[in-house]
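Please read the points below with the model open beside you. They move from the core to the disulfide, and then to the confidence of the prediction.

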Amino acid sequence: MIDKRLALALGVLALPAMVTAADPIPLKPGLWEQTLTMKSESGRVEAAMAQMQQQLRDLPPEQRQMMEDMMASQGISIQQDASIVQICLTQEEIDAGGLAEQEGCEQDVLEQNSKRLRLRFVCGDESGEGEVTFHSPESYSGTTKLTTKVEGQTEVMTIEQKGKWLSADCSALAPPSE
């Protein structure tokens, strides 16, 4: 299964995060939906995702609903062929050039302009190179080639990403009131 560092590394590429003020992307602040589709050379990642989906389907209805609600409250949905994550991008993050580099990760910008970002990154045992294309203030897409460890074995994965702006209101990601 993909660990937290890998998810953070993907987040760096799944967001138009490194654009500088000198060449700004007119992104809209608010709620964004990121769709990630992963394909591994060995098929192990897809098999693990299928197994996790089957385990979720096999839960008693109350437990399954509880798990789905918990994931939804964090903006996560796992579909048959993709994972969908919702995030909130603030105007402050956009003005600052996006999200900061993730802790424990190093990245090198290979190309950066108002339409495209290419970078190389290393996060612990994971490394890769990716590209994001900005289609509009409400849409982007990208591809990442990632080398990681899955169950102790080296795995090369290709991650296709799509981002779309949903709303100026991020309240859907707010924790439930107690």
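1. The largest nonpolar core of this predicted model comprises 20 residues, and those making the most contacts inside it are Trp32, Met157 and Ile159. A nonpolar core here is a set of buried Ala, Val, Leu, Ile, Met, Phe, Trp, Tyr and Cys residues joined through side-chain atoms within 4.5 Å, where buried means under 20% relative accessible area, exposed over 50%, and partly exposed in between, with a 1.4 Å probe and protein chains only. At least two residues of this core come from each of β1 (30-40), β3, β5 (116-123), β6 (126-136), β7 (139-150) and β8, and the largest share, four residues, is supplied by β5. The strands (E, at least two residues) and helices (H or I, at least four) are DSSP runs, numbered from the N terminus.

2. The structure holds one disulfide, a term that stands for a pair of cysteine sulfur atoms within 2.5 Å. Its partners are Cys88 and Cys170, with their sulfur atoms 2.1 Å apart. The pair links distant parts of the chain, since Cys88 sits in strand β3 (residues 83-89) and Cys170 in the segment after β8 (153-167), 82 residues apart. Because the torsion about the S-S bond of Cys88 and Cys170 is about 85°, the disulfide is right-handed.

3. Are the two cysteines buried or exposed? Cys88 has 32% relative accessibility and therefore counts as partly exposed, whereas Cys170, with a relative accessible area of 18%, is buried.

4. Strand β3 also contains Ser83, which counts as buried because its relative accessibility is 11%. Ser83 and Met38 are 45 residues apart in sequence, and their C-alpha atoms are 8.6 Å apart in space.

5. Confidence is highest in β8, at a mean of 91, and lowest in helix α1 (residues 4-14), at 43. The pLDDT is below 50 over residues 1-10, a stretch with 19 contacts in the model beyond near neighbours in sequence, and again over residues 12-22, which has 36 such contacts; a contact means heavy atoms within 4.5 Å. Where pLDDT is low, the predicted coordinates should not be read in detail.

6. A note on conventions: residues are numbered from 1 along each chain as its sequence is written, and side-chain values use heavy atoms, with hydrogens and water left out. In this predicted model, local features need pLDDT of at least 70 and side-chain atom pairs count only at pLDDT 80 or more, while totals for chains, interfaces and linings use all residues.

Methods:
pLDDT is the predictor's confidence in each residue, from 0 to 100.
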